[in-house]
Amino acid sequence: MSKTAKDCLVEILEDLDDEQFKKFKNKLVDRKEEPRVRRGAMQHADRLDVADKLVSTFTEERAAQVAIEILEHLDFRQEAAELRRSVQGGGLQSGGDEAGTSPVSAGDSKFMVEGKHFVDHHRTALTQRICQVDPILDHLLEKDIVNQESYDQIRAQTTEQKKMRELFSGPLNSSGMRGKDEFYLILEQQQPHLMRELKKT
């Protein structure tokens, strides 16, 4: 039987010792991006509780990516690499909590360049050259990649470059491949000339 994202999360969390697990929980509740996990919910949570909370908060599709980001931030690189291999290894099933959710896999995207998503590969160029961020945000909000709070926060930035940095570090970072794929498709529509140039580099 194929493993779900939750199964992979439980396995990795069980590999952490108590001190590492405590640091993981602290970093999870300290995340500033939405949606957020309340500190009280983690106070007495065990490994299974944390895996449940990750999936219920971020969905099957995004939970593993959020966990990988936390592990890497804590410099638990071996565990992050193992979790990434698990979710990329194929055969993962959605836990069924959300209809139509695709399996978690960082390699599922069609828009990869040299092992990275196109928008990550060209992050600097996109940040510097996109001159109208608000219409892009409108579409991302419509697709539920950006929530209303993040939308307002990004629009409040004083320059287009600051808006792009906030978008990359917040919603696009936490939404995983689905968010980046949607962003790519929006750019294809709204920034066709820039996208053609970047594809040639």
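Trainee: Is F111 buried or exposed in this predicted model?

Mentor: The model is a predicted one. A residue counts as buried when its relative accessible area is under 20%. The relative accessible area of F111 is 14%, so F111 is buried.

Trainee: How many aromatic pairs does a search of the whole structure find?

Mentor: Rings of Phe, Tyr and Trp pair if their centres lie within 6.5 Å. With the whole structure searched, the number of aromatic pairs found is three.

Trainee: Is the aromatic pair of F111 and Y184 stacked or edge-to-face?

Mentor: The ring centres of F111 and Y184 are 3.9 Å apart, with 15° between the planes. Planes under 30 degrees apart count as stacked. The pair of F111 and Y184 is therefore stacked.

Trainee: Which parts of the chain does this pair link?

Mentor: The two residues are 73 residues apart, and the pair links distant parts of the chain. F111 lies in the loop between α5 (77-88) and β1 (112-113), while Y184 belongs to helix α10 (residues 160-190).

Trainee: Is the aromatic pair of F168 and F183 stacked or edge-to-face?

Mentor: The centres of F168 and F183 lie 6.0 Å apart, and the angle between the planes is 90°. Planes over 60 degrees apart count as edge-to-face. The pair of F168 and F183 is therefore edge-to-face.

Trainee: Which residues form one aromatic cluster?

Mentor: F111 and Y184 already form an aromatic pair. The cluster consists of F111, F118 and Y184.

Conventions
Residues are numbered from 1 along each chain as its sequence is written. This is a predicted model: local features need pLDDT of at least 70, side-chain atom pairs count only at pLDDT 80 or more; totals for chains, interfaces and linings use all residues. Side-chain values use heavy atoms; hydrogens and water are left out. Helices (H or I, at least four residues) and strands (E, at least two) are DSSP runs, numbered from the N terminus. Buried means under 20% relative accessible area, exposed over 50%, partly exposed in between (1.4 Å probe, protein chains only).
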